[in-house]
Amino acid sequence: PMYVRVRATESGTTEVTLEEPDDCGRFHLVSEIDPALLAPALAEANVGSMEDDETAVINPEAIVRAVGDRVGPDWGERFGAMVEYAETKGWVTDGGNMRAHVELVG
């Protein structure tokens, strides 16, 4: 599944990346850092924010920026369908950001 990954680098900074961007079937966030540092990391990367301890709110424009040329030509259509489905489930905020369940690892 497509997911946002937040991890600490060897230099001690925080890195936010988009993993498996071609899989528009599921979407979540995997955090490998202290949960208290997650909201600042998302804000600093200009990716999103935290809605609560278990839910990140991700700007879809940040996803599009992160995808770059790593996906096929039909990705935009598939991603649009994913967002539309998320809207029907209440997983999109009034501002158009996508809610993502936070999975803490490490």
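A residue is called buried under 20% relative accessible area, exposed over 50%, and partly exposed in between, with a 1.4 Å probe and protein chains only. This is a predicted model, in which local features need pLDDT of at least 70 and side-chain atom pairs count only at pLDDT 80 or more, while totals for chains, interfaces and linings use all residues. Residues are numbered from 1 along each chain as its sequence is written, and side-chain values use heavy atoms, with hydrogens and water left out.

I begin with the rings. A pair of aromatic rings is described by the distance of the centres and the angle of the planes. Rings of Phe, Tyr and Trp (its six-membered ring) pair if their centres lie within 6.5 Å; planes under 30 degrees apart count as stacked, over 60 as edge-to-face and the rest as tilted.

How many aromatic pairs does a search of the whole structure find? There are 2 aromatic pairs. W75 and F79 form a stacked pair, because their ring centres are 4.7 Å apart and their planes are at 10 degrees. W75 is buried, at 6% relative accessible area, and F79 is buried, also with a value of 6%.
The rings of Y85 and W91 have centres 5.9 Å apart and planes at 75 degrees, so this pair is edge-to-face. Y85 is partly exposed at 48%, and W91 is partly exposed at 42%.

Finally, I turn to T55. T55 is buried, with a relative accessible area of 16%. Leaving aside neighbours within four places in sequence, T55 is in contact (heavy atoms within 4.5 Å) with M50, R99, A100 and V102.
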